[in-house]
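Biologist: Please take a close look at a single part of this model and describe what surrounds it, with the cut-offs behind each term you use.

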Amino acid sequence: MKFECGDLERALANPDLMADAQLHMRDCAACRNEYRIWNEISTAAKQLHCEWDSPDLWPNIRKGLEAQSQPPKHRADWRLWALTAAAAAMVLLAVLRWPQTPTDKSVATANLSAQDFLTDQALKEVEKNEAAYRHSIDELSRLAQPKLENPASSPLLASYREKLQMLDSAILETRSNIAQNRFNVRLQTDLADLYREKRQTLQEVLTRDQSN
Amino acid sequence: MTNPTKFILLATLLAVSAFAREDYTRNFDKTFTLRPGQTVLVEHKLGEIVIHTHPQLDLTIHAEIHVSASDRSRAEQFAGQIEILTEPFASEFSIRTRYPENHGSFLGFNNISYSVRYEITMPESAPLEVRNSFGAVSVTGLKANGNIRTSHGNLTFRDGKGVQRLEDSFAGVELLGNAGDAVIDNTNGNVKVADVAGALTVRDRFASVSAERIAKDVTITNTNGTVDVTDSGGTGIVKNSFGNVTVHNFRGDMTVHNGNGKVEALNVTGMAELNTSFGEVRFSDIGRGLSVRANNSRIEGSKIKGPVKIENSFGGVSVTDVDGGAHIQSANGAVTVTGIHGEANVKTSFASVEASEIAGAVTVVNNNGSVRATNVRSANVKTSFAGVDLQQVAGAIDVDNQNGAVDAGSKAQSGCQPIMIHTSFSPIRVHLSGNPSYRVTASTSFGKIHSDFPLTVSGSMSSDSLSGTIGDGRCEMRLTDNNGAIEILNSSSH
């Protein structure tokens, strides 16, 4: 078969296609990059897999349902209400299945759009992994905090602190754009890169400047 | 079918349909004719901009508007709301992307995504200004000034002419070919520059910078990343920290201020000033003198045409083949100087000093460290608690040591050069050859005085003190020891 960029998602789910994918990626920087990102997220998510409660999820959904059903103009739009209920059901299903689903497998089956946009399934996986990634970064941040906040820290730590502030600002900006453009592959890739860099920087803070 | 059943079926169908997405692409194509000198201004966000140039005055805009939504009609509707605004003003032609504000949302989540990609062909002589974010920018063949800014997307500029200002963050900048000056600002993204027939200024942070074949001045300020400058010229200034700096083949003077990183300068035709801390300094083939200021660094290099001045601490210094004098001040670091065509002036402590093949005078001030010199013009050495070994000294020898042996050999075959040696708790040995001629004053305590040469003694004489002459007694030899033997040896017979 002639392997194309659009086949990458199938190759991630089907090991039989991986040989063709590897061959294709030798000459295709875009697919190589995409594959690298998924691999990194997959590895990180697998290592950092954890579960936690989402106490605000149902109240938010209920609030959303109420908000959608209360105004007269929305009440008239029964399709929107039904869609909301269906989406809520899907979200609930996803949340319930979440702990049982191996994260790396989820990543492997992520359904990436060939060009500019993620599919629903891919977005769901990305957002799920992002949450796990963010949680692990928060944990690293907590560990690094005493070092970074030490006023007598070395110039190297001062520069790490500056870099982390810069990355946080960039993450905030990118997330704000993603809020309006969630399926945009570029934005999601940028965010993944920023998170990866932040994690790497925090790890360097914790390991490279042991003496300070 | 009951209403609840109908609803469940409907909801399921809708849920399935909610997971199917449609992409839609709308193209925008327009051509305008610009007035000569009119600036092209592009303001964009969320998408790539590719700009080519041609000699004509036509401006051709091709924009691909991509939208992804839950169904085709929504995607099409949203794509229709994305505007490409083209506005001709007196001095500039503006191209702007306007996305709809507050577009439909779903439970607080946006279900529509979009991007716009531009391909623009513009007059090569028109100045260009680009402001983009979350998208790459590529410009080829611009023969006028450019001011190009993006973030979260690579910036590539090729084959330009004029003054170029490029700015990016969180992505790489690549400038390949520009007949004119270039200023590049980046943050957290690598910068690669090559073939600039003008001056280059780069400011970056947390990434690497490389510059090749820059004709005029090179000024690079970076932190936390490497800096490489190759085959360039003019006046070079590199400031960096927490990253290595490499300069190869630079035509002109080069100054490097680094911190916590290595510095390597090879083949600099002008003066090289290399400063760093906690990083090695290496140099070779420096054309007009060298100055190094470092601490906690190892310093090593050779082939300097001109004087060398080095200050260091807590690291060794090794310099070879200097076509001028060498002044080296160190502390807690060994110093080795070889092949110095001028004088060598070395100061250190708690480490050894070695000097060989020095055409000029050697002056060493050490403390708690040995001194060894071979084949030097003259030697003036002060140290303590370590030995001094001077061989093949053509001129005067002056040693002030404490608690360390002194072994000094004069190279003078005939005649004499003054020899003054003082030490304590260790022996003094002086090697002479040919027909030496000295007025000798030697004194010690708890040690003996021995001479291979016949001594004509004058005044009082004891086993630990004497005054006399060797040969005609034309030069002064004063040997003073305390608790150590004194020997004047004939190196011709050994």
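Modeller: In this predicted model, B:Ala265 touches B:Val247, B:Met254, B:Val256, B:Ala272, B:Leu274, B:Phe283 and B:Ile286, leaving aside residues up to four places away in sequence, where a contact requires the two C-beta atoms, placed from the backbone, to lie within 7 Å. Residues are numbered from 1 along each chain as its sequence is written, while chains are lettered from A and ligands numbered from 1 in the order in which they are written. As the model is predicted, local features need pLDDT of at least 70 and side-chain atom pairs count only at pLDDT 80 or more, whereas totals for chains, interfaces and linings use all residues.

B:Ala265, together with B:Val193 and B:Val337, has the most contacts inside the largest nonpolar core, which has 138 residues. Such a core is a set of buried Ala, Val, Leu, Ile, Met, Phe, Trp, Tyr and Cys residues joined through C-beta atoms within 7 Å, and a residue is buried if 20 or more other C-beta atoms lie within 10 Å of its own, exposed if 12 or fewer, and partly exposed in between. The element that gives the most to this core is helix 10 (residues 185-207) of chain A, with seven residues; helices (H or I, at least four residues) and strands (E, at least two) are DSSP runs numbered from the N terminus. A second, separate core of eight residues includes A:Ala11, A:Leu12, A:Met25 and A:Trp38.

Elsewhere in chain B, B:Met477 has its place in strand 48 (residues 475-480), and this residue counts as buried because 25 C-beta neighbours lie inside 10 Å. B:Met477 touches B:Ile419, B:Tyr438, B:Arg439 and B:Val440, again not counting residues up to four places away in sequence. Between B:Met477 and B:Gln417 there are 8.6 Å from C-alpha to C-alpha, although the two are 60 residues apart in sequence.

As for the chain around these residues, chain B has two helices and 49 strands. Its radius of gyration is 38 Å, well over the 23 Å that the globule rule gives for 494 residues, so chain B is more spread out than a compact globule; the radius is taken over C-alpha atoms, and the rule is 2.2 Å times the number of residues to the power 0.38. Along the principal axes, the C-alpha atoms of chain B fill a box of roughly 135 × 65 × 30 Å, and buried residues make up 41% of the 494 residues.
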